[in-house]
Amino acid sequence: MNPNKALWEKGDFTRIAETMRKSGEALVNSLDITTGLKVLDLGCGDGTTALPAAQLGADVLGVDIARNLVDAGNRRAGELGLGNCRFQEGDATRLDGLNDRTFDLVMSIFGAMFAPKPFDVAREMTRVTRPGGRIVMGNWIPNDPTLVAQILKISTAYSPPPPEGFVSPMTWGIEKNVIERFAVAGVPAARITFTRDTYTFNFPGAPAEFVAVFRSYYGPTMNAFEAAEKQGRADELRRELEELFVRQNTAPDTRTTSIPATFLRVTVSV
Ligand SMILES: C[S@@+](CC[C@H](N)C(=O)[O-])C[C@H]1O[C@@H](n2cnc3c(N)ncnc32)[C@H](O)[C@@H]1O
């Protein structure tokens, strides 16, 4: 089994995605989506951004490597009666079956960054975008003080070293890496813009309960806990994560959780 696929089919990412819906909608609302726009959402999960884009009238294809998330996306589109949004399984490093120059907008919000072989990902995203179209990526930023980079930093200290040649997904949050990857795909740096943006995780429970959701349902955190358990350090990891979530919680009521996280928004004009 492809380890990239296994990681995301592990657990149930929909449980985390549920806490990101509002920010997903806000991001999509900023993309000037018009009726009939052809949109590819790559690494779409269960449709946090794909569904709002379809609600704005776009013709949306969601592609994700995880079967369970593709199924969840199609279920959600059906429940919303959105005939203009469908989800299918696929790998961002090789978009088999998708023709060159097809989409007006290729968006990938914390999606394609998680695929291995980043140069292949940049090439494929560029290939399927029509000239004059856009690629918009949301990428977490390494060593950023906000939630996601800090979860990763803490988890890494409990996890075995990555295999040789592993390229961290977080390198998509470094501007010079993004420029280099798209340059190899034939897009000059002048066509790429970067901004810092914020996603807020909203959870209807206390921060410690939110950590428990990550521990039970989020593949990367599940793996970190499995590694920590083998060393008898699972409680230590839980405590560190709980302290982080409590520290970053901005909800006025400590029985609920609202945590903003900074990301790099990349816009590429193809
Ligand atoms: C952090 S989740 C984000 C999902 C979604 N974009 C959202 O905002 O809720 C990362 C997603 O990327 C998908 N993914 C990881 N590697 C992939 C690959 N090689 N090709 C396509 N999707 C991939 C995962 O299955 C998962 O749904």
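Lys-10 comes out as partly exposed in this predicted model, with a relative accessibility of 24%. Its salt-bridge partner is Glu-226, at 3.1 Å from N to O. That pair ties together distant parts of the chain: Lys-10 sits in the loop between helix 1 (3-9) and helix 2 (14-17), while Glu-226 belongs to helix 10 (residues 219-230), 216 residues apart. Glu-226 is partly exposed too, at 38% relative accessibility.

Now for a pair on the buried side. Arg-21 and Asp-46 meet in a salt bridge at 2.9 Å, N to O. Here again distant parts of the chain are linked, with Arg-21 in helix 3 (residues 21-29) and Asp-46 in the loop between strand 1 (38-42) and helix 4 (50-55), 25 residues apart. Arg-21 has a relative accessible area of 18%, so it counts as buried, the cut-off being under 20%.

Arg-67 is partly exposed at 38%, and Asp-71 is partly exposed at 32%.

| Salt bridge | N to O distance |
|---|---|
| Glu-226 and Lys-10 | 3.1 Å |
| Arg-21 and Asp-46 | 2.9 Å |
| Arg-67 and Asp-71 | 3.0 Å |

These are among the 19 salt bridges found in a search of the whole structure.

Technical notes:
Residues are numbered from 1 along each chain as its sequence is written. This is a predicted model: local features need pLDDT of at least 70, side-chain atom pairs count only at pLDDT 80 or more; totals for chains, interfaces and linings use all residues. Side-chain values use heavy atoms; hydrogens and water are left out. A salt bridge is a side-chain nitrogen of Lys or Arg within 4 Å of a carboxyl oxygen of Asp or Glu. Helices (H or I, at least four residues) and strands (E, at least two) are DSSP runs, numbered from the N terminus. Buried means under 20% relative accessible area, exposed over 50%, partly exposed in between (1.4 Å probe, protein chains only).
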